[in-house]
Amino acid sequence: MARFYVLLFVVQIVLAVCALISCLSAEEGEIKALPRIAWVLIILFFPLLGSLAWFAAGRERVPGQLAGGTPKSRILPPRERPRPVAPDDDPEFLRSLGERSRREDGELFRRWEEDLRRREDEMRRRDGEPPREEDRPEGSTPAS
């Protein structure tokens, strides 16, 4: 029997917290019968009955809302939902990041190769050897 009372107590507390949150977040025009402060006091002093009274008679139902207070306009069928808003949810954005990263890596690699070839050519000139032409990619010229 003690378990039943503990369960009833927990349900009462959870219901009272939900009712308080609902009461405090309701717009002024949605509260009926009593002022907000009266509903808060009723919920606090009589948690079980006050919470039930708040949900039954304290809050006015707006025609465009569902039972939980969610506006119907916020619940859209899957085909009518807008495109992802956050960049990390957008597949095109993620694809463009990959392409840009590959392009930047290729450009960096090309610059490293050019720098390495330039340094090798400078070392060969310093040692008196001519630069090697067969290792150069097409279109690149030695740095002067």
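Start by selecting I37, L41, L44, F45, F46, L48, L49 and L52: together they make a nonpolar surface patch with about 840 Å² of accessible area. Patch members have over 30% relative accessible area and no salt bridge, with nonpolar side chains (Val, Leu, Ile, Met, Phe, Trp, Tyr) joined within 5 Å. The areas come from Shrake-Rupley with a 1.4 Å probe, and only the protein chains shown count as cover for residues. This is a predicted model, so local features need pLDDT of at least 70 and side-chain atom pairs pLDDT 80 or more, while totals for chains, interfaces and linings use all residues. Numbering runs from 1 along each chain as its sequence is written, and side-chain values use heavy atoms, leaving out hydrogens and water.

Now colour by helix (DSSP runs of H or I, at least four residues, numbered from the N terminus). Helix α2 gives the most to the patch, 4 residues, and L41 sits in α2. Both α2 and α3 (47-58) supply at least two patch residues each.

Next, show α2 with α3. They pack at about 145°, axes 5 Å apart; axes are lines fitted to C-alpha atoms, for helices over the stretch in contact, and angles run from 0 to 180 degrees between N-to-C directions. On the α2 side, pick W39, I42, I43, L44 and F45; on the α3 side, P47, G50, S51, A53, W54, A57 and G58. Contact here means heavy atoms within 4.5 Å.

Select A16, A19, L20, C23, L24 and S25 in α1, which meet R36, W39, V40, I43 and L44 in α2.

Last stop: R111 and E107, 4 residues apart in helix α4 (residues 91-127), about one turn. They form a salt bridge, closest N and O atoms 3.8 Å apart; the criterion is a Lys or Arg side-chain nitrogen within 4 Å of an Asp or Glu carboxyl oxygen. The whole structure has 7 salt bridges.

Key: Patch = residues over 30% accessible without salt bridge, like charges linked within 9 Å, V, L, I, M, F, W, Y side chains within 5 Å.
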